[in-house]
Amino acid sequence: MSVTATTEPVLAVKDLHTHFFTKTATVRAVNGVSFSIYPGEIVGLVGESGCGKSVTAMSILGLVDTPGRVVNGTITFDGRDMRRMSGGQLRRVRGHEIAMIFQNPIGALNPVFSVGRQLVEAIRTHQRVGRREAYQQAVGLLERVGIPDPEQRLPQYPHQFSGGMAQRVVIAMALANRPKLLIADEPTTALDVTIQAQIIDLLAELNQEFGMAVLHITHNMALVAESCARTIVMYGGKIAESGETPAVFDDPKHPYTQALLASVPDLDQPDQAIDPLEGFPPDITREWPGCEFEPRCSQRFERCPVENPQLREVDVGHAVRCHLYEAAT
Amino acid sequence: MHSALSPNKPAGQRLRRTATFLRDHPVLSASLIPILLLIIIALIAPLLPITDPNRANLSVRYLPPLSEAYILGTDRQGNDVVHAERNPDLFPSSVVERYEPPVRKHYVLGADSLGRDIVSRLIWGSRVSLLIGIFANVAVVLISVFFGLLAGYLGGRVDGVIMRLVDIGLAFPGLLLALLILTVLGPSVINMAVAVILSSVPLNIRFFRGQVLTVRNAKYVEAARLLGYNNLRIMFREVLPNVMPLIITVTALNATSFFIFTAGFSLIGMGLQPPDPDWGTIMSDGLRALYEQPAVILGPTILISILAICFNILGDEVQKILSPRESQL
């Protein structure tokens, strides 16, 4: 779905800073991130490990644990300021209006309760329905996410499910209360490739059917290219590049995005050597005077180590945080 | 767990299911029998045809097990006068009303230093020992699980305060602390229970807190927070069931040590005061007579050993059954 100026975003994050205060250092996990997600849209959030993708998600839900804290920024969900909500208000949003699924679906289910009981409880936490009706809903949900024999499967325990089936259960739990936004944090990382494709297809179908927006967090570029309308690339706690997926993939502007795409093997040219990105993620315990990517960047120049670039729109809806493009605008 | 979803079954069906369950778990049933038998005997002690446990008859001092004596008659207070011989010439002058012929009386486990029936003393004594062993246990588990959950789940300052208090408690050796409490409060059944509870709660809190710490970082706890469940609910509905196996193991171990503890108090004269019987006072009596009549000490030691073994087996079995993985494979 394309972005139209008239619709209000379901989620608007502005200048989000989430820092972790340890005894020895302040870890700036998320350091000035802004983006919006519109109703019914699938947005991919990509980046390497430790770039702040998951912390961004937890910040949105108000679930950053000590010693972490959201120090600055606004998170507007459905017109409401999430950072001003009380604990009770936040709990009514979680699992009801914003649902989240993540890696290792079997671990996300409580091992001592049957899947059915967990589904029924998830439904009854946010809806005023009886046990029987919640059970009927659970059957319908499992059917919808493609689990055969839901009545047989409901009394079973999480360890009796395969990874792919468990992820379907987790998705069913997330969908139980028809959320407006689903945050999927590496939902397919622990699954094998064929199951990955099935889960991604399922998410796309459900996105169409329920019109819920999806924030898909991953480090798998191929998944993003396939399923997301828009792509946000994060690096060192900041957004490096964002735009419509075709624009980002066909015409990557940021040297980091270019390097990421170059390091993905190309199936059409199997003999071509892949070009891995040298170096390590930046040390985010210190405030960088310049660009965080500068030490690994192949196109750096004098300005890069001394001045921090700002995120600028270089094309309609295509923004880059790099000094290379400042002259262009 | 399916029962949580289906309506209540009639009582007869439930009874039949219990019977099937016991038949399917023979080891569990076997360990339950001695425990239940002892509890039932302790409960119906006043109805059993046994003599007054405090009734002394010096003529049957240290009567060996499986021997007989004769009730020659009653004295002025209406109590039986028992003698090892049926020779009427030995009739003490206290006999007011003679039985002709004298009634035979069996001493299955013999008599102690004052000629009291050991079977009767064991049965009456089991009431005190079981009361403390079971009720102190319930109290200890409730208190320690509650504080262990609070400390482990909430962490931070709550954890700090609870664990510092625990450290203070642990600074004293358990038995010493218990004796200290008994010395201050004075010996009585309730004070014995208080001493046992206060001296074992700190260690138990530490056990449970440790287990809660490992469970609270599980993905399904995070998933529960994402579903909008509140802390109280997560603590008792998500974390607690996963700590259950440890609770059961610890309870079984506690039961054993509490029997030994209470017997120990009475043994060294800090617990129940003579002539009131509990297993400890019987043991202390038997200890003094170890050379003259070793059979006296056998009763309580055998009973404590049987209970200890049964409680340990029971704990293991219940733990196995509660673990969904083991019970279904």
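**Exercise 1.** In this predicted model, determine how far apart the C-alpha centres of domain 1 of chain B and domain 2 of chain B lie.

*Solution.* The C-alpha centres of the two domains of chain B are separated by 45 Å. To locate the domains, assign residues 67-107 to domain 1 and residues 118-328 to domain 2.

**Exercise 2.** Describe the open sheet of chain B: which strand order does it have, and what is the sense of pairing?

*Solution.* Step 1: the sheet consists of three strands in the order β2-β1-β3, with antiparallel pairing. Step 2: β2 (80-83) and β3 (97-107) of chain B are the edge strands, since each pairs on one side only. Step 3: from one strand to the next, the twist averages 35 degrees. Step 4: β1(B), residues 67-74, is joined to β3(B) by seven bridges. Within β3(B), R98(B) is the bridge partner of G73(B).

**Exercise 3.** Compare the reach of helix α10 of chain B with the expected value, and state which elements its buried residues pack against.

*Solution.* Step 1: α10(B) covers residues 295-322, which is 28 residues. Step 2: from first to last C-alpha the helix reaches 41 Å, close to the 40 Å expected at 1.5 Å a residue. Step 3: its buried residues include V296(B), L303(B), F311(B) and E317(B). Step 4: the buried residues pack against α2 (26-43), α3 (118-154), α8 (231-267) and α9 (279-288) of chain B.

**Exercise 4.** How many residues does each chain bring to the contact between chains A and B?

*Solution.* Step 1: chain A supplies 29 residues and chain B supplies 20 residues. Step 2: on the side of chain A, α3(A) gives the most, with six residues. Step 3: by class, this side of chain A has 13 nonpolar, eleven polar and five charged residues.

Terms used:
Residues are numbered from 1 along each chain as its sequence is written. Chains are lettered from A and ligands numbered from 1 in the order in which they are written. This is a predicted model: local features need pLDDT of at least 70, side-chain atom pairs count only at pLDDT 80 or more; totals for chains, interfaces and linings use all residues. Two residues are in contact if their C-beta atoms, placed from the backbone, lie within 7 Å. Helices (H or I, at least four residues) and strands (E, at least two) are DSSP runs, numbered from the N terminus. Ala, Val, Leu, Ile, Met, Phe, Trp, Tyr, Cys and Pro count as nonpolar, Asp, Glu, Lys and Arg as charged, and the others, Gly among them, as polar. Domain bounds come from an automatic or database domain assignment. The expected span of a helix is 1.5 Å times one less than its number of residues. A residue is buried if 20 or more other C-beta atoms lie within 10 Å of its own, exposed if 12 or fewer, and partly exposed in between; C-beta atoms are placed from the backbone. Two strands pair if DSSP finds at least two bridges between them. Axes are lines fitted to C-alpha atoms, for helices over the stretch in contact, and angles run from 0 to 180 degrees between N-to-C directions.
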